[in-house]
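Q: I would like to learn how to read a structure of this kind, feature by feature. Please show it first.

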Amino acid sequence: MYDPAHLEALSAVLRTGSFEAAAAALNVTPSAVSQRIRALEERVGTAVVIRAQPCRLTAAGARLARHAEDVALLEHALAADLGQEASRPHVRIAVNADSLATWFLPALAGVPGLLYDIVLDDQDHSADLLRRGEVQAAVTAHGAAIAGCDAHRLGRLRYIATASPAYAARWFPAGVTAAALDEAPALTFNQKDRLQADWARRVAGRPVALPTHLIASSQGFVDAARLGLGWGMNPEPLVAGEIAAGGLVALSDETLDTDLHWQVARLAGRALARLTAAVRRAGAAALS
């Protein structure tokens, strides 16, 4: 058995990123947090925290932190079954930024009694966080159930290549061609984002080395396109109004659909049943 206080300290370090912030969250001293982490490391025989700015967990630490959060969820569910009051447990969820900006938040708002720790990651990579035990659930493009998880298909999020009318007239006067894509500034969310490159390859018939801005914000993407900074793949629910109002135009009829799935750790599945139901309802309402 692991000391609950040691596991609680580890979870707090994961959530806050430092021993000092974890101490404030737990209402103890930083020295107490350090002693608990050291005792936990002695118990498991390996490091559990990488002491950096911010602190990160080792593979062993991430697995222990998820175990602690799973136990807190199970105890919360047990208290509810017994009609008892219980503290609100934290739930770590990996979500892609576009889902968070368009359809995901109403699902969280519909399930009170939990504290959410949202980890933003690309839908093509969020499954890795589940595999490493760093989150308890994820919105992911990975449809096959990850070991120890249950998978539920949510639907497809449609992306449209958009730009301002003036930008489209300047950079694509003859339509979207490979030569134009070689020169026109694009928008990219981060280094993991392949949507623009995939769409450009499909339209051009060959890979395109896109000149690009890096803008890690879903709303920033829309604003940058509307202001003529570049073109980018924007989720249809986020830009439908802008297109209807004429602030943005679709560069072509070619769209990209991203399949999304909800994967949840099986151990926490019962405790998160209401959340899973809410996420599936929200996905069904917003996705195709």
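Q: Is isoleucine 160 buried or exposed?

A: Two notes on the source come first. The model is predicted, so local features need pLDDT of at least 70 and side-chain atom pairs count only at pLDDT 80 or more, while totals for chains, interfaces and linings use all residues. Residues are numbered from 1 along each chain as its sequence is written, and side-chain values use heavy atoms, with hydrogens and water left out. Burial is read from relative accessible area: buried means under 20%, exposed over 50%, and partly exposed in between, with a 1.4 Å probe and protein chains only. Isoleucine 160 counts as buried because its relative accessibility is 9%.

Q: Where does isoleucine 160 lie, and which residues does it touch?

A: Helices (H or I, at least four residues) and strands (E, at least two) are DSSP runs, numbered from the N terminus. Isoleucine 160 lies in strand E6, residues 149-163. A contact means heavy atoms within 4.5 Å. Leaving out residues up to four places away in sequence, isoleucine 160 touches Gly232, Met233, Asn234, Glu236, Ile243, Ala250 and Thr255. Glutamine 196 is 36 residues from isoleucine 160 in sequence, and their C-alpha atoms are 10.0 Å apart.

Q: Which residues of H2 are buried?

A: They are Phe19, Ala22, Ala23 and Leu26. These residues sit on the same side of H2 because they cover an arc of only 100° around the axis, the arc being that of the directions from the helix axis to the C-beta atoms. The general idea is that an α-helix has 3.6 residues a turn, so residues three or four places apart point the same way. The face of H2 turned away from the buried side carries the exposed residues Glu20, Ala24 and Ala25. Cover for the buried residues of H2 includes helix H1 (4-16), H3 and E1.

Q: What follows H2?

A: Asparagine 27 follows H2. Its phi is positive, about 60°, although it is not a glycine. Asparagine 27 has its place in the loop between helix H2 (19-26) and helix H3 (30-44). With a relative accessible area of 72%, asparagine 27 is exposed.

Q: Is glutamine 123, which is also in a loop, buried or exposed?

A: Glutamine 123 is buried, with a relative accessible area of 5%. Its loop runs between strand E4 (115-120) and helix H6 (126-131). Apart from residues up to four places away in sequence, glutamine 123 touches Asn96, Val139, Thr140, Ala141, His142, Thr258 and Leu260.

Q: Where is there a cis peptide bond?

A: The bond joining glutamine 53 and proline 54 is cis, with omega about 0°. Proline 54 is found in the loop between strand E1 (49-50) and strand E2 (56-57).

Q: Which residues have the most contacts inside the largest nonpolar core?

A: A nonpolar core is a set of buried Ala, Val, Leu, Ile, Met, Phe, Trp, Tyr and Cys residues joined through side-chain atoms within 4.5 Å. The largest has 46 residues, and Trp231 and Trp262 have the most contacts inside it. A second, separate core of 20 residues includes Val13, Leu40, Val49 and Leu57.

Q: What do the totals for the protein come to?

A: The secondary structure comes to twelve helices and ten strands. The C-alpha atoms fill a box of roughly 70 × 40 × 30 Å along the principal axes. Of the 288 residues, 47% are buried. Among contacts between residues at least 6 apart in sequence, 71% join residues at least 24 apart.
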